[in-house]
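Here is a short report on one protein model. Keep the structure open and follow the chains by their letters.

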Amino acid sequence: MSDEERQTKISTGEESKSKGLRLSRRKFLWLGGLGTLGLLTVGRLGFYGSAAPLEGQVLARWEAHTLAAAAEALIPDEPGKWPATGPSPLEVAANVDRFLVGMPRGMLREIRAMFGFIEHGTFLGARLSRFTRLSAEKRLDVLVGLYERGGVPAEAFEGIRALCLVGWYQDDRTWEALGYGGPLMSRPAPPKAVTAEDAGGYADLMAKPGSAPQGVL
Amino acid sequence: MIYDASTFELPIRVKADLCVVGSGAGGAAAAAAAAEAGLSVIVLESGPFVPPSIMNQREEDMMPELLVANGSQRSADGRTTIIQGRALGGSTVHNTNLCKRIPDPILAEWEATRGMKHLSRQRWNELYERVEAEQDIRYIEPERYNDHNQLFKAGCEELGWESSGLMHNRTGCVESGFCSLGCAYDAKNNAAKVYVPRIVKAGSQLFTHCQAVRVLHRDGEATGVEAVALDPQTRQPKGKVTIEASKVCLSASATGTPAILLRSDIPDPSGRTGEGLTIHPALIAAGIFDEPLRAWQGIPQSYQCTEFLDFDAAHPPPDAGEAERARKDEVGNRTWLVPVFAHPMSTATLLPGWGAEHRRLMGRFDRLAAYTAMVHDVSEGRVRPSGDLGVDIEWSPSEADRRELLFGLARSAELMFASGASKVYVPARPVIELEPGDSLAPLEELDLESGDVDVTAVHPMSSVAMGDDPSAAVVDSRGKHHHLEGLWVADGSLFPTSIGGPPQLSIYALGIHVGEMISGTDS
């Protein structure tokens, strides 16, 4: 079945989305760990260096590579045919990496488990290669397979789909096609440590960084 | 003054008369009332101060600054997204300025079931009038309704459904449409703009990047708050902050407040701390229109549909007859319909599909509208602390709320078609795509339990419900804890039930009420 046919079926709600295995969240975390750990034995880890030079603040190199590979499958009209206008797959991963800085640790643990499950859980679908070594078409098959399975695998699909979209649609270059004009002002991202110099009309309310408050004991 | 606690020499120990935990509507208003009454107050806020001058209207930059978990906080089962604010000013910094009073049947029910001897309906009215004056709360003029709200209004009129304009707290609004990302024009009359300057002017202090862990107490009396300064970048603890205060007011929201109470081992014979959580769950229907409407531009949420919001039916008086009481369980009395919209990044994650299908939908972004059905819920969720800094939120819809949510979803779709949509999408797995004339009945049979339909909530409430009977409530109608002297609560946790509309106005009112009770200046 082609992707278009699949989408049409899904769009009309004709296809069952629950094909059995429904995992608990704990099992999902466990499976993600198993996928990552167990596949050390078949040599599926490593060798990401040349493919994904991103040194993220949150994402490990292999996670960024997994995300970029998923974006190549999920974002374009046809898997692998990357749109001419917009961020590259690796830029999508870099955008996501910046977005994830400061997320609660528990949530980051779940996100890491999701990456492990997607990259190394391909063996559950009887595929010998890890996700990032598959063609873009086969990567889409794997992801749609998770979606169709329902339950926690579908959550993994939704999770990586959401991250790909966050990384893609935050980029100004994607907005023209939407008819979206974007912000009405050009300002950098807010500084993490705000001082009086940043605060405009609120400057008088702000104490100097490092100064001691009243009432120190 | 406003201090960034991450820059303190840590650990640090500071003394004040009152420590308020949280700077949202309740905390800021309570702190202002107490500070202006002469108390030395320290307000702790776990998030940053984000003044309008550094807001940049970009989702990827503002959501991490303004929202808990960047807007992705979920219930324990992962099926419900619960959005809350985290900056100085709390959720009032990112909300869309809606202001509605609690309807009289709900206040009457609270009086009948919870005592409320310190918070009568007359007291509510006085508080509302003050907040409405302080925040310049008024109806949005019809000529300022954007195209999105105009379509919504036209749909209501086409169907003959009861509908009306909404009141907002905005002054000097330039109609940019970026309200949900913080107002870079400082036109929101929010907690940071209205109450924080008053707190500072009164000589009190606010610590940002400072998260309360537990209330300190000894021999039945509050003695202060144990907190941690957070690294602004990683949000991980940097060092300990201890506030010594004989008065403590928790205003950390209906998720944060019960988590702190439970972490603090404070006596609660009622067993109600963290129980009874309501959230105003909502489902969304999106529609495609033939002409561009650019729903993200202009003032959002200026119009509402109340056809299916019957508070008299949902809250019958104690002396109601059998027929009147039976109406309480009928579907279609607890649904509030309003237009809702987001910028591209958030919209993209909401719309279903991938590849060409998703890009095709996003390609119609400027022709897209979305209506939400928010339910005045009766399901009781639960909040528990998760470690020293986190919360676990358990919430799933009761059968009554499930039916009401799906009824509301079907009515949203109906209204969307009445507004002129050529196609309606329900974000679900699989996505539901409807054409004009299609039956909407299947929407009311959807399975919410499977997690295949996205439920979103922005109003957690009722997890520390007030009541004057110590055996049935944690705090009384002053906001004062029944079993620990010097401990108070001032936020949406106090509501005994959900309130069926945007809560900020009522939380501000509660903040003033509790702040005056703490300082003994109530009128």
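The model shown here is predicted.

**The second largest pocket**

Which element gives the largest share of the lining of the second largest pocket? The answer is α3(B), with four residues. This pocket has a volume of about 560 Å³. Its lining is made of 30 residues, and the closest to the centre are B:E109, B:V378, B:E380, B:P496 and B:T497. In chain B, the elements that give two or more residues to this lining are α3 (104–114), β15 (275–277) and α13 (399–418). Sorted by class, the lining has eight nonpolar, 10 polar and 12 charged residues.

**The cavities**

Now turn to closed spaces. Rolling a probe the size of a water molecule over the atoms shows where empty space is left. Over the whole structure, the search finds six cavities of 30 Å³ or more. The largest cavity has a volume of about 100 Å³. Its lining counts 13 residues, and B:V50, B:P52, B:M55, B:N190 and B:A192 lie nearest its centre. By class, the lining of the largest cavity has 10 nonpolar, one polar and two charged residues.

**Helix α7 of chain A and its partners**

Next, find helix α7 (residues 151–169) of chain A. Two helix pairs that include α7(A) are set out below.

| Helix pair | Axes come within | Crossing angle |
|---|---|---|
| α5(A) (residues 105–120) and α7(A) | 10 Å | roughly 105 degrees |
| α3(A) (residues 61–74) and α7(A) | 9 Å | roughly 85 degrees |

Take α5(A) to begin with. Its axis crosses that of α7(A) at roughly 105 degrees. That angle makes α5(A) roughly perpendicular to α7(A). From α5(A), the residues in contact are A:I111, A:M114, A:F115, A:F117 and A:I118. They meet A:P153, A:A156, A:G159, A:I160 and A:L163 in α7(A). By class, this contact has nine nonpolar residues, one polar residue and no charged residues.

Now take α3(A). The axes of α3(A) and α7(A) cross at roughly 85 degrees. These two helices are therefore roughly perpendicular to each other. On the α3(A) side, the contact is made by A:T66, A:L67, A:A70, A:A71 and A:L74. On the α7(A) side, the residues are A:F157, A:I160, A:R161, A:L163 and A:C164. The contact of α3(A) with α7(A) has eight nonpolar, one polar and one charged residues.

Side chains of opposite charge can pair when their charged atoms come close. Over all chains, the count comes to 42 salt bridges. One salt bridge joins the side chains of A:R161 and A:E158, at 3.4 Å from N to O. How far apart are A:R161 and A:E158 along helix α7 of chain A? They are separated by about one helical turn, because they are three residues apart in that helix. A:R161 also belongs to the contact with α3(A).

**Two backbone details in chain B**

Two loops deserve a look. The peptide bond from B:L10 to B:P11 is cis, and its omega is near -5 degrees. B:P11 sits in the loop between β1 (2–4) and β2 (12–15) of chain B. Where is B:R235? This residue is in the loop between β12 (221–230) and β13 (237–244) of chain B. Phi of B:R235 is near 60 degrees, a positive value in a residue other than glycine.

Conventions
Residues numbered from 1 in each chain as written. Chains lettered and ligands numbered in written order. Predicted model: local features only at pLDDT ≥ 70, side-chain atom pairs only at ≥ 80, totals over all residues. Heavy atoms only, no water. 1 Å grid on protein atoms, 1.4 Å probe; cavity = no way out; pocket = protein on both sides within 12 Å on 5 of 7 lines; lining within 4 Å. Points joined across faces, edges and corners; volume = space filled by probe spheres on them. Nonpolar A, V, L, I, M, F, W, Y, C, P; charged D, E, K, R; others polar. Axes fitted to C-alpha atoms, helices over the stretch in contact; angles between N-to-C directions. Parallel < 35°, antiparallel > 145°, perpendicular 65-115°, else oblique. Contact = heavy atoms within 4.5 Å. Salt bridge = Lys/Arg side-chain N within 4 Å of Asp/Glu carboxyl O.
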